[in-house]
Amino acid sequence: AQAPPHPLLDRNCSEASARTRTSFVAMAASDGAAAVAASAAAPAPAGASVAVEGHGWDEMRTAGEAPELPAACGAPHQSPSSDSTVLARKVSLTSRAGSSLHRAGSTLQRAASSVQLQRASSLPLEDDDLRYAASMPGLMDVEADRPFCFGLWKTQQLVGFILGVLILVVFLSVKVVKTYNKADAMIAVAGLTACFWIFEVMPIYVTALLPVVLMPLFSITSTQIAAAAYWNWVSMLFLGAFMVDVAMEHASLPRTLLLWLLRKTGVARAWVVLAIFMAVAWLLSMVCSDVAVTLMLAPFATGLLNAAEEEAMDAAAASLELGVRAGERTDEEANLKAVSRFGPGLSLGIAYAASAGGLATTVGTPANALLVGQEILGGAISFDKWFAFALPISACVVIVAYVILYFMYARGVQLPISHETLAEQEGGMEGGTGRVSSDEVLVGGIAGLLIVLLCFQPLIDRFVTNPLGEPLSGSATTACLCACLLFLLPSSLRPGEALLTWRGGPGGGPR
C-alpha cells in the first residue's frame with residue numbers, strides 16, 4: 001500500500017512545479033522570439049521548424065537545461081499530455097512574438113515614409129526633435145532648396161499657400177451654398193486651413209489657430225464662441241501674447257535695446273544704469289508678461305554687475321601692489337563695496353518696474369485679464385479703457401520705486417564698466433554683429449502692432465459685426481493674428497526658418 005502524501009512534501013512539489021513552469025515559459029518565450037527574429041532577418045532553412053518544435057522536455061534534460069524536480073514529485077516530462085501542453089504554449093508564445101515584430105515593422109515603415117522626404121544631413125540629433133521631423137519633414141529640412149518667400153518656403157509650401165488663398169477668394173466671392181448665409185465663408189476658412197496643414201505652410205499647431213483669427217473677421221462667429229472650442233478667449237489672448245514674448249526673447253530684442261541705450265548714455269553712473277533698466281522693463285512689460293520680462297533682463301543685468309565687480313576687484317588689487325599701507329581704506333576698496341551694494345538694488349528695480357508696467361495693460365499680468373474676463377462684467381472693460389485708467393497709476397509706481405532705490409543703492413556709485421565689456425555682451429548675442437538685425441526689427445514691429453490693434457479694438461469692432469450690429473472680433477483674435485505672423489515671416493539669422501519655430505516632443509513649443 002502506498003503511504004499517504006505528507007503535506008510538507010506536497011507543498012515542496014507544488015513550489016518546484018511552479019518554478020519549473022516559470023523557467024520553461026521564459027525559455028520558450030526567448031526561443032520563440034529568437035526564432036521569429038531569425039526568420040525575419042533571413043529565409044529559414046529546411047527543418048528549422050522541427051528544431052524549434054522538437055525542443056521538448058527530454059531534449060532539455062539531456063542538454064542539462066531543464067530544472068530538476070524532487071524525486072517524490074510527479075514526472076511531467078514522462079507524460080505525453082504534458083509535452084503537448086508545453087508545445088502548445090511555445091507555439092502560442094512564438095505567434096505572439098511574431099505579431100509584435102510585425103507591428104513594430106509596420107510602425108518603422110510608417111516613420112520611414114515620412115523621414116525619407118528629408119535629407120539625412122538635416123535630421124536632428126535629439127530624440128524629441130527627430131520625432132517632430134518625422135511628423136513634419138517639410139519644415140525641419142532646412143537644407144532643402146527654398147527659393148520662395150526669402151528662403152522660407154519650398155515649392156510645396158508655395159503651392160499650398162497659393163491654393164489656400166485661391167480657395168479663400170473663390171468661396172468668398174461666389175455664392176455656392178445658398179441655404180446658409182455664412183456657409184461659403186466657413187468653407188473658405190476650412191479650405192485655407194486644410195491647405196496650410198497639408199502642405200506645411202506653417203506648423204500644424206499654429207495652423208490650428210487660423211479659425212480663431214478668420215472666423216470673427218469674416219463674421220462667421222464671435223471670438224468668444226470660437227475660442228471656447230479651444231479654452232476661452234482669455235487663455236487664447238495669453239497664448240498669442242506668450243508667442244510674441246518668446247519671439248522677443250529669441251531675437252534678443254530686450255538685450256539689444258539695453259545695449260543701445262547704454263552706449264548712448266554711458267555705464268559709469270549707477271543711477272543712469274538703474275533708470276535704463278527700469279524704463280526698459282516698464283515698457284516691455286506692457287506688451288509681454290511681467291514675469292517674462294524679468295526673466296529676460298535679469299541675466300543681462302547679472303552679467304554686467306559681475307563684470308563691474310571684477311574690474312573693481314582688479315583696481316583694488318592694483319592699488320595694493322602700489323604700496324598702500326595696510327589698514328588704510330582706498331577709494332578702490334570703497335568703490336568695490338559700493339558696486340556690491342548696487343547689485344540687489346538693480347535686481348529689485350527690474351522686478352518693481354516689470355510689475356508696475358504689467359499694471360498698465362490687460363496682457364501685462366494674468367490677474368488683469370482674468371478680471372476683465374469675468375462674466376459679471378459682461379465685457380465692459382476693454383483694453384483701451386484699462387490702459388487709459390491704469391497708465392497714470394503705473395507711471396507713479398515706477399517713479400516712486402526708482403526714487404527709493406536711488407537713495408538706498410545707487411547714489412554716489414560709479415560703475416567701472418568699460419566699452420569692451422559692452423562689446424563682449426554684443427558678441428555673445430545671436431548674430432554677434434552688434435547691429436540691429438531684421439529679425440529684431442520685425443519682432444519689435446509685431447509687438448508694436450499688437451499694442452496698437454489692442455488700443456484700437458473698439459474701432460475695429462465697428463466694422464466687424466454681425467447683422468444685429470454686435471461686435472464679433474476680440475482681443476484673442478488680435479493676439480493670435482500677431483502670433484501667426486511670426487511663423488510666416490522669414491528669419492535672416494536662421495536661413496530656412498521663420499522668426500519663430502516650433503519643436504515637438506515633451507516640453508516642446510515655440511522656439
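Leu163, Leu166, Val170, Val174 and Val176 form a nonpolar patch on the surface, and together they have about 400 Å² of accessible area. The model is predicted, so local features need pLDDT of at least 70 and side-chain atom pairs count only at pLDDT 80 or more, while totals for chains, interfaces and linings use all residues. Residues are numbered from 1 along each chain as its sequence is written, and side-chain values use heavy atoms, with hydrogens and water left out.

- A patch is made of residues with over 30% relative accessible area and no salt bridge; nonpolar side chains (Val, Leu, Ile, Met, Phe, Trp, Tyr) are joined within 5 Å, and like charges within 9 Å.
- A salt bridge is a side-chain nitrogen of Lys or Arg within 4 Å of a carboxyl oxygen of Asp or Glu.
- Accessible areas come from the Shrake-Rupley method with a 1.4 Å probe, and for residues only the protein chains shown count as cover.
- Leu163 belongs to helix H7 (residues 155–173); helices are DSSP runs (H or I, at least four residues), numbered from the N terminus.
- Leu163 has a relative accessible area of 34% and is therefore partly exposed, a class between buried (under 20%) and exposed (over 50%).
- Ile167 is also found in helix H7, and its relative accessible area of 22% makes this residue partly exposed.
- Ile167 and Ile187 lie 20 residues apart in sequence and 8.6 Å apart in space, C-alpha to C-alpha.
- Not counting residues up to four places away in sequence, Ile167 touches Ala188, Gly191 and Cys195, where contact means heavy atoms within 4.5 Å.

**The largest nonpolar core**
- A nonpolar core is a set of buried Ala, Val, Leu, Ile, Met, Phe, Trp, Tyr and Cys residues joined through side-chain atoms within 4.5 Å.
- The largest one has 98 residues, of which Phe277 and Phe342 touch the most other members.
- Helix H14 (residues 270–287) gives the most to this core, namely 13 residues.
- Beyond its neighbours within four places in sequence, Phe342 contacts Ala270, Leu274, Leu305, Tyr409, Ala410, Val413 and Leu415.

**A buried loop residue**
- Thr362 sits in the loop between helix H16 (331–358) and helix H17 (366–372).
- Thr362 counts as buried because its relative accessibility is 6%.
- Among the contacts of Thr362, leaving aside neighbours within four places in sequence, are Phe238, Phe383 and Trp386.

**Helix H13**
- The buried residues of H13 are Leu253, Pro254, Thr256, Leu258, Leu259 and Leu262.
- Just after H13, Gly266 takes a positive phi of about 95°.

How values were computed
Buried < 20%, exposed > 50% of the residue type's maximum accessible area, 1.4 Å probe, protein only. Helix = DSSP H or I, 4+ residues; strand = E, 2+ residues; numbered from the N terminus.
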